[in-house]
Amino acid sequence: MADTAQANSTAVVGVGLTAFLVAAARAIETSRLDAPVRDDFAEHFVAAAPGCAGWPRRFDEVPDGDDDPLWGRLARFFALRTKIFDDFLLSAAAGGCRQVVLLGAGLDARAHRLPWPDGCTVFEVDQDPVLAFKGSVLDSLGARPRAARVAIAADFRQDWTGALLAAGFDPTRPTAWLAEGLVSYLPPATERELLTALDAHSARGSVLGYEVKHGVDPASQRDYPVYAAVRERLGIELLPLFSTEPRPDSAADLNERGWSTSIHTPFDVTGPSGEGLRPVSDDAVAANRWVLAVRS
């Protein structure tokens with residue numbers, strides 16, 4: 001199984017590479033006493049990927065601790081992002097949403113780690129290499145999902161809704177949608193198409209959570225500490241993955257379609273002990289917004 005996981009990891013390119021970065025961040029945060037969330041699978045994804053050799057998987061392996069712009073600050077950012085969306089999805093499930101669709105599911109094993117109510121189905125949509133790698137690692141651990149899990153390999157620039165429907169998704173039932181780290185990488189036209197498709201396949205009572213970058217030119221942030229650290233220490237160029245075209249006001253679009261939205265910054269969310277992030281100069285995460293929407 002280890003050889004299979006390593007072979008699948010080498011096929012992950014482009015935006016898919018960010019899944020390893022986020023998994024390492026969640027592994028580091030899971031090891032902390034004040035962890036906003038716990039993901040006991042994350043460290044295994046990092047360990048199984050040859051390209052992540054030497055990456056820390058515990059907070060005590062981060063020499064500068066919270067002052068490290070990559071494995072300190074960025075890891076806490078990803079943990080808080082995971083927390084707000086975990087809480088949002090579980091609240092929706094408790095309210096009756098038994099279909100959960102993770103768009104750009106990455107390496108977050110939500111189907112396995114969250115306490116889903118009986119009868120929940122979690123659809124995971126992502127690139128085939130990402131899903132294959134995730135599946136091989138989970139299989140090697142003997143992990144069992146806590147909800148019915150359906151993995152769907154699809155490209156969001158193509159007909160992903162057809163693949164979702166073919167996998168058993170029912171658009172007449174309320175759905176909890178999540179596009180945690182997807183939208184910022186899409187061209188604006190594709191973002192609009194995504195929201196149109198979501199709206200068309202969302203019954204009353206459906207919810208949607210997603211992240212966007214607000215009012216920033218990615219090129220202007222090239223030398224910000226976080227992006228510089230990822231580039232120099234990991235050899236990953238994050239900024240070219242983001243679209244440089246002006247972003248649509250997707251929250252306003254959803255409001256016009258009959259959704260109620262709330263928008264949160266990374267500084268609005270705290271962990272169990274009240275810890276969170278504070279703004280700093282040249283702050284790469286200050287432009288990020290977490291949108292929570294309900295179709296009422």
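Colleague: Within how many Å do the axes of helix α2 and α4 come, and at roughly what angle do they cross?

Modeller: The axes of helix α2 (residues 18-30) and α4 come within 8 Å and cross at roughly 90°. Axes are lines fitted to C-alpha atoms, for helices over the stretch in contact, and angles run from 0 to 180 degrees between N-to-C directions. This is a predicted model, in which local features need pLDDT of at least 70 and side-chain atom pairs count only at pLDDT 80 or more, while totals for chains, interfaces and linings use all residues. Residues are numbered from 1 along each chain as its sequence is written, and side-chain values use heavy atoms, with hydrogens and water left out.

Colleague: Why are α2 and α4 called roughly perpendicular?

Modeller: Angles of 65 to 115 degrees count as roughly perpendicular, under 35 as roughly parallel, over 145 as roughly antiparallel and the rest as oblique. The α2 and α4 axes cross at roughly 90°, and the two helices are therefore roughly perpendicular to each other.

Colleague: Which classes of residue make up the contact of α2 with α4?

Modeller: The contact of α2 with α4 has 11 nonpolar, 2 polar and 4 charged residues. Ala, Val, Leu, Ile, Met, Phe, Trp, Tyr, Cys and Pro count as nonpolar, Asp, Glu, Lys and Arg as charged, and the others, Gly among them, as polar.

Colleague: What makes α4 and α9 oblique to each other?

Modeller: The axes of α4 (residues 69-94) and α9 (residues 225-234) come within 9 Å and cross at roughly 130°. The helices α4 and α9 are therefore oblique.

Colleague: Which residues of α4 and α9 meet?

Modeller: Pro69, Leu70, Trp71 and Leu74 in α4 meet Pro225, Val226, Ala229, Val230, Arg233 and Leu234 in α9, where contact means heavy atoms within 4.5 Å. By class, 9 nonpolar, no polar and 1 charged residues form this contact of α4 with α9.

Note on methods
Helix = DSSP H or I, 4+ residues; strand = E, 2+ residues; numbered from the N terminus.
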